[in-house]
Amino acid sequence: MSTATAAHDDHHDHGAPAGLMRWVYTTNHKDIGTLYLWFSFVMFMIGGSFAMVIRAELFMPGMQVVDPQFFNSMTTMHGLLMVFGAIMPAMVGLANWQIPLMIGAPDMALPRMNNWSFWILPFAGTMLLSTMFMEGGGPAFGWTFYAPLSTTFAPDSTDFFIFAIHMLGFSSIMGSINVIATVLNMRAPGMTLMKMPLFVWTWLITAFLLIAVMPVLAGAVTMMLTDRNFGTSFFSAAGGGDPVMFQHVFWFFGHPEVYIMILPAFGVVSQIIPTFARKPLFGYASMVYATASIAFLSFIVWAHHMFTVGMPVAGELYFMYATVMIAVPTAVKVFNWAATMWRGSMTFEPPMLWALAFVFLFTLGGFTGLMMGVAPSDMQYHDTYFIVAHFHYVLVTGALFGIIAAVYYWLPKWTGYYPDDRLSKLHFWWSAISVNVLFFPQHFLGLAGMPRRIPDYSLQFADWNMVSSIGGFAFGLGQVFFFFIIVKTIRGGEKATDECWEDAQGLEWTIASPAPYHTFVTPPEIK
């Protein structure tokens with residue numbers, strides 16, 4: 001019997017821990033997936049509350065709510081919690097729940113390591129948050145923690161921040177090893193790599209990305225640590241180092257990182273759209289190759305975050321061309337989603353609404369990304385609110401909408417109940433409208449020259465900031481409503497059938513990937 005099967009059976013033994021201890025000791029992939037998802041939701045709400053502080057301060061010109069140092073601390077912690085505490089753990093939670101089910105495995109390949117990789121997170125997250133209560137205040141140097149702000153001019157609490165980042169990276173690497181081991185070794189007979197559902201493919205590629213870049217982040221924070229405490233000068237010009245080197249090391253991690261957050265969402269949308277269009281996914285193989293191309297290209301474009309540091313024109317040209325190239329495989333994916341829906345028998349259940357909003361709004365974020373990828377124009381956009389608008393369209397209406405779509409799509413599988421249709425659709429329209437009221441005006445602010453990461457601003461930016469803040473409060477409130485819908489679903493509701501999502505779901509396995517020849521039925525003729 002494999003370790004996975006043994007661990008899985010262990011869980012159902014009469015001697016298995018009950019109550020709270022069940023969650024501490026569990027090696028069951030479903031339990032661990034659930035833990036990841038709840039942890040990420042808690043971090044999402046805390047990180048979101050920090051964003052509310054930011055928007056409250058920016059509601060009007062002048063300083064009214066917090067002092068500038070605390071404002072900077074809020075922008076820093078908001079970014080760190082959303083990236084490392086909310087989006088990434090949610091994607092790992094979805095992987096834990098779905099990958100074994102999708103490839104016909106009894107559990108993840110390394111169940112005990114799975115447990116460990118989760119339980120590191122609450123301690124790392126708590127340590128990160130605790131820095132805000134330490135002498136000198138929390139980190140206030142932005143989520144990118146550029147040197148020398150994070151080395152020479154940062155409070156002692158920064159050392160705890162460094163340790164927390166190390167632990168978060170450690171957890172990510174263990175989770176990735178587990179995904180790769182599971183997908184490569186535990187597929188059901190007949191399920192070749194090119195027959196896997198696309199969600200599994202996107203996660204397999206994401207796992208390789210994580211293993212490649214997390215040690216780079218570890219290197220960056222270790223050099224920070226020695227610069228701060230042991231007299232090295234990696235990033236100090238006074239000692240022969242270079243602060244721009246920090247940016248190179250950070251973005252060599254940071255650019256693949258943004259794809260780590262979006263690729264699993266691509267996989268989710270590639271599962272949902274065929275189901276509700278009742279058609280096989282258009283261009284399965286091209287989707288796989290496009291995902292792999294995006295992953296490869298993500299490693300060779302990092303300095304487009306640094307067009308304004310004074311690099312040689314040849315360097316700017318190279319990074320500009322390489323960046324614009326990423327648009328090609330991304331456009332292939334968007335085209336394939338559109339072609340899947342073309343002449344399909346579409347219905348608009350909640351998961352499909354979120355997936356459609358994802359395709360439309362993520363593409364908008366991609367277009368502004370192209371604008372910033374052009375070096376001469378980026379000189380104007382750099383460090384303005386235009387950048388903030390761009391990456392929030394990619395990460396909120398992209399990654400976050402992908403996660404919410406996945407939750408609505410798979411909740412019937414997880415809980416046995418459908419989420420309330422009326423409330424779910426209300427949540428969708430509430431979020432879709434408010435998120436655009438929140439982030440779209442930030443394009444105007446950025447093009448008008450409003451710098452990012454500032455607590456105060458001149459009068460001409462007042463109107464759009466007020467609009468943006470109102471959108472922000474509305475969007476935040478909408479996610480509290482989301483919590484209510486999830487809890488209501490878990491407690492009961494309309495019972496989900498074996499073919500959940502009605503006749504759509506009957507096709508789910510056969511259309512999101514080519515069917516293995518004997519594990520599942522051949523797809524019925526689609527009229």
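Okay, let's start with helix H3, residues 29-57: it has 29 residues and reaches 42 Å from first C-alpha to last, close to the 42 Å you'd expect at 1.5 Å a residue. Bear in mind that this is a predicted model. Now look at the start of H3, where a side-chain oxygen of Asn28 gets to within 2.7 Å of the backbone nitrogen of Lys30.

Next, a helix pair. Two packed helices are described by the angle between their axes and the distance between the axes. For H8, residues 243-277, and H10, residues 313-341, the axes come within 9 Å and cross at roughly 15 degrees. Angles under 35 degrees count as roughly parallel, so H8 is roughly parallel to H10. As for handedness, the crossing of H8 and H10 is left-handed.

Who's making the contact? On the H8 side you've got His255, Tyr259, Phe266, Val269, Ser270, Ile273, Pro274 and Ala277, and H10 brings Ile326, Lys333, Trp337, Thr340 and Met341. Sort the residues in that H8 and H10 contact by class and you get nine nonpolar, three polar and one charged.

Now a couple of backbone details, both in loops. Going from Ala147 to Pro148, the peptide bond is cis, with omega at about 0 degrees. Pro148 sits in the loop between helix H5, 111-130, and helix H6, 158-185.

The other one is Arg278, in the loop between H8 and helix H9, 284-297.

Technical notes:
Residues are numbered from 1 along each chain as its sequence is written. This is a predicted model: local features need pLDDT of at least 70, side-chain atom pairs count only at pLDDT 80 or more; totals for chains, interfaces and linings use all residues. Side-chain values use heavy atoms; hydrogens and water are left out. Helices (H or I, at least four residues) and strands (E, at least two) are DSSP runs, numbered from the N terminus. The expected span of a helix is 1.5 Å times one less than its number of residues. A polar contact is a pair of N or O atoms within 3.5 Å; within protein, one must be able to donate a hydrogen and the other to accept it, and residues adjacent in sequence count only if both atoms are side-chain atoms. Axes are lines fitted to C-alpha atoms, for helices over the stretch in contact, and angles run from 0 to 180 degrees between N-to-C directions. Angles under 35 degrees count as roughly parallel, over 145 as roughly antiparallel, 65 to 115 as roughly perpendicular and the rest as oblique. A crossing is left-handed if the near helix is turned anticlockwise from the far one by less than a right angle, and right-handed if clockwise. Contact means heavy atoms within 4.5 Å. Ala, Val, Leu, Ile, Met, Phe, Trp, Tyr, Cys and Pro count as nonpolar, Asp, Glu, Lys and Arg as charged, and the others, Gly among them, as polar.
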